[in-house]
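Some notes on the model you sent are set out below. Please read them with the coordinates open.

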Amino acid sequence: MASKVLLVFFLPLVLSLFFSGCAEAQGRLCVGYYSQTCPNAEAIISAEMRKTINSTPSLAGSLLRLHFHDCFVRGCDASVLLNSANGKVAEKDGVPNQSLRGYGVIDTVKAKLEKACPGVVSCADILALVARDVVVLSKGPYWQVPTGRRDGMVSIASETSQLPRPADGISQLIQNFADKGLSAQDLVVLSGAHTIGKSHCSSFSSRINSSDPRIDSNYAATLRMKCKPKHLTTLVQMDPGSFTTFDTGYYMQVSTSRGLFNSDAALLQNPQTRAYVLRQATGSASEFFKDFSDSIVKMGNIGVLTGAAGQIRKKCFAVN
Ligand code: HEM
């Protein structure tokens, strides 16, 4: 009798977990992790993102960048979202993160999820799902996001030195990505995220003011016009003309010496990354879309906390 009851009540759960790819998910992520515990989680996030990007398209890039900056420091554990507290300076206040935007959007999404399913959906998963949704809303590819990440409890500003810098050259970038388990292919593919979004003049001013031979002189002159010396907070489009559309425009820019950062231009300095840039600059977007989906899922696996590690934060900006 007991075994019959067990079968009736638990078989559907086990089967649904199995078919959603969540069987024996201990220690790893799986697609559909919340299908039983918060079935509407992904729909709630997508609906909120549609509203946000419809009203403020320029936030798409900022929200995508949050996931990258989260994963490269302490893994994808939402440590980037924690506020500095009790005299401890958090990642958020580290130099490379001072240009991040979109935290308020994440707080709004989290509040909606807490209302629907309290204490279930992690902030780290929200960042990964939001990144996918904003790419889709920018006319980019859709990919299935493995979930089940838990939130970290530590965030240290000085660890943001692990993030790549805009002035980095190709060997530093390849090494930096390798340190996170990512390849040169992942580097050139994920750099394609610079097809959306904006940058502060301060992130590339040294390049345009020092007549860098690797930047097209007309482009440098245009940028100098936009970035007046005292206007370091001015924002410029990274893929001019299509900065809200996720396309191959970035590779076109880089291939014609119009990459904004040294790190973009540097992709022409290695045979493998150069070949990729030149191919995407002239090809259709389908290869880039497929590659981007693969690489971002890989990035989303960096150092994840699962099982009993970490916690599910109630608010993304503070530990429970
Ligand atoms: C390869 C090394 C990379 C470097 C050195 C780099 C550097 C930067 C810098 C300096 C900015 C401008 C920040 C500002 O001044 O506001 C920026 C913006 C951006 N980055 Fe990267 N990045 C890199 C890779 C990535 C990756 C892997 C992604 C995502 C997968 C990404 C997504 C973005 C997006 C979407 C923006 C626009 C942000 C906005 O509109 O607010 N970047 N990046």
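This is a predicted model: local features need pLDDT of at least 70, side-chain atom pairs count only at pLDDT 80 or more; totals for chains, interfaces and linings use all residues.

1. The iron atom of the ligand has a single donor from the protein, NE2 of His194, at 2.1 Å. His194 sits in the loop between α7 (184-190) and β3 (198-200).

2. An unreviewed UniProt entry places the feature "binding site" at Asp70, Val73, Gly75, Asp77, Ser79 and Glu91. These positions span 22 residues in sequence, but no two of their C-alpha atoms are more than 12.4 Å apart, so they gather at one spot.

3. Asp70. This residue belongs to helix α3 (residues 59-71). With a relative accessible area of 0%, Asp70 is buried, because the cut-off for that class is under 20%. A polar atom of the Asp70 side chain lies 2.9 Å from the backbone nitrogen of Ala78. Residues up to four places away in sequence aside, Asp70 touches Gly75, Cys76, Asp77, Ala78, Ser79, Val80, Ala124 and Leu127. Gly75, Asp77 and Ser79 in that list also carry the "binding site" annotation in the UniProt entry.

4. Ser79. The loop between α3 and α4 holds Ser79, and this residue is buried, at 0% relative accessible area. Neighbours within four places in sequence aside, Ser79 is in contact with Asp70, Val73, Arg74, Glu91, Val154, Ser155 and Arg313.

5. Asp133. Which side chain makes a polar contact with that of Asp133? The partner is the side chain of Ser46, at 3.1 Å. Asp133 is found in helix α5 and is buried, with a relative accessible area of 7%. Its contacts, not counting residues up to four places away in sequence, are Ile45, Ser46 and Met49.

6. Ala41. Helix α2 (residues 41-55) includes Ala41, which is buried at 1% relative accessible area. Ala41 and Leu113 are 72 residues apart in sequence, while their C-alpha atoms are 6.6 Å apart in space. Leu113 is also among the residues that Ala41 touches, together with Tyr34 and Val121, when residues up to four places away in sequence are not counted.

7. Pro118. Is Pro118 buried or exposed? At 60% relative accessibility it counts as exposed, because the cut-off is over 50%. Pro118 is placed in the loop between α4 (103-116) and α5 (123-137). From Pro118 to Lys88 the separation is 30 residues in sequence and 28 Å in space, C-alpha to C-alpha.

Terms used: Residues are numbered from 1 along each chain as its sequence is written. Side-chain values use heavy atoms; hydrogens and water are left out. Helices (H or I, at least four residues) and strands (E, at least two) are DSSP runs, numbered from the N terminus. Buried means under 20% relative accessible area, exposed over 50%, partly exposed in between (1.4 Å probe, protein chains only). A polar contact is a pair of N or O atoms within 3.5 Å; within protein, one must be able to donate a hydrogen and the other to accept it, and residues adjacent in sequence count only if both atoms are side-chain atoms. Contact means heavy atoms within 4.5 Å. Donors are N, O and S atoms within 2.8 Å of the metal (3.2 Å for Na, K and Ca); water is not among the atoms, so sites may look incomplete. UniProt positions are given in the numbering used here, feature names are shortened, and annotations may be inferred rather than shown by experiment.
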